[in-house]
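Student: I would like to learn how to read a structure, one feature at a time. Could we go through this one together?

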Amino acid sequence: MSDSEAELVGMGLRTDASPVQTTFYILLVLFGIVGNATVIGVIGHSVLINPGVGRNSDIIIINMAVSNLMVSVMRNALLVISDIGIALYSSKECCQFLMGVWVWLRSVNVWSTLLLSAFHFHTLRRVAPPLGNLHGPRGLPKLLLLGLGLIWVLNFLYSIPAHVFSINGNQNSTETLMLVSSTTRPLLGCIWNFPLKNGLLYATTSMVIHETLPIVLMAFTNAGSLYTLYAHSKMRSLVNDVHVIKKVPAERRAAKVILALIMLFIASWGTSIISVNYFNYNRGQSAEFLLVIARFANIFFIAMSPIILSIGHRRLRSFFKSRMT
């Protein structure tokens with residue numbers, strides 16, 4: 001790459017992290033990469049060898065883990081490289097590629113997590129006898145795969161403006177609008193350069209569609225899941241269907257795991273939203289501290305979700321037990 005095509009660019013809003021913070025962040029990134037890769041491998045192998053009943057939720061979990069892993073590799077790993085002091089180069093074309101990918105993957109990550117919550121709420125409602133077939137269709141679910149495909153395609157189309165209007169900045173570059181909470185500084189010096197006030201419009205749309213709306217929907221679907229489980233527990237004494245009697249406790253255990261996942265996501269994502277937007281619009285004495293909080297909040301769900309899944313998912317639990325023994 002010639003000097004005219006790339007230059008060493010500044011770090012913009014880089015904060016001075018202590019060695020303890022840097023070490024902890026590196027560990028979280030490693031947990032995110034190794035943990036989500038393990039989830040994909042173990043559950044993916046199970047789905048491939050037995051694509052039958054009960055695999056819908058596993059497919060959604062794999063999709064969520066894939067988005068987690070890609071965010072970790074494509075962005076968080078670069079943050080680690082930057083933090084340990086390695087100078088990075090970027091061209092305008094590289095910035096355009098990375099900015100588009102970051103917005104795309106982070107948006108997919110949000111909606112994939114919401115889909116897990118919504119699907120489990122739908123599954124719980126089907127456990128009740130009046131809703132008909134409890135065993136579900138065999139084979140890979142085409143409608144579900146179509147829905148997952150739409151999540152990736154629609155969010156890819158949404159990320160195109162972030163790709164087109166990205167440039168590499170200079171040593172004094174700062175970022176005043178942070179899109180989809182995917183960044184707390186212009187990594188590699190890449191910044192958005194929207195014409196006129198289109199940047200504000202794009203950032204506001206991102207905050208509403210990809211941050212606020214999914215969290216609200218997750219809260220409603222989890223509340224609905226808890227209420228449905230409560231109704232099912234009262235129904236068990238009135239139902240003679242052995243399948244339903246056995247199904248409800250299993251769904252209750254799954255609900256606890258998914259509820260823990262969604263609560264973790266809402267806590268980490270919500271913390272990031274509050275911190276980033278407070279920084280954007282009210283930079284006070286606590287601005288640098290908020291950037292640190294937002295940065296760790298962005299990675300915490302990705303790193304911890306495989307651990308929560310390993311506690312509640314039978315095949316993952318068996319896999320880790322076999323490795324430890």
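Student: By class, which residues make up the lining of the second largest pocket?

Tutor: The general idea comes first: rolling a probe the size of a water molecule over the atoms shows where empty space is left. A pocket is an open set of points on a 1 Å grid over the protein atoms alone, where a 1.4 Å probe fits, with protein on both sides within 12 Å along at least five of seven lines, and lining residues have an atom within 4 Å of a point. In this case the lining has eleven nonpolar, four polar and no charged residues, where Ala, Val, Leu, Ile, Met, Phe, Trp, Tyr, Cys and Pro count as nonpolar, Asp, Glu, Lys and Arg as charged, and the others, Gly among them, as polar. This is a predicted model, in which local features need pLDDT of at least 70 and side-chain atom pairs count only at pLDDT 80 or more, while totals for chains, interfaces and linings use all residues. Residues are numbered from 1 along each chain as its sequence is written, and side-chain values use heavy atoms, with hydrogens and water left out.

Student: How much space lies in the second largest pocket, and which residues are the closest to its centre?

Tutor: The second largest pocket holds about 270 Å³ of space, a volume being the space filled by probe spheres set on grid points that are joined across faces, edges and corners. Of its 15 lining residues, Trp111, Leu114, Leu115, Gly147 and Ile151 are the closest to the centre.

Student: Which element gives the most to this lining?

Tutor: Helices (H or I, at least four residues) and strands (E, at least two) are DSSP runs, numbered from the N terminus. Helix H4 gives the most, with seven residues; the elements that give two or more are H3 (92-127), H4 (142-164) and H5 (198-235).

Student: Where does H4 bend?

Tutor: A bend at a residue is the angle between axes fitted to the seven residues ending there and the seven starting there. H4 bends by about 30° at Tyr158, and Pro161 follows within four residues.

Student: Which residues of H4 are buried?

Tutor: Buried means under 20% relative accessible area, exposed over 50%, and partly exposed in between (1.4 Å probe, protein chains only). The buried residues of H4 are Leu144, Leu148, Ile151, Trp152, Asn155, Tyr158, Ser159 and Ala162.
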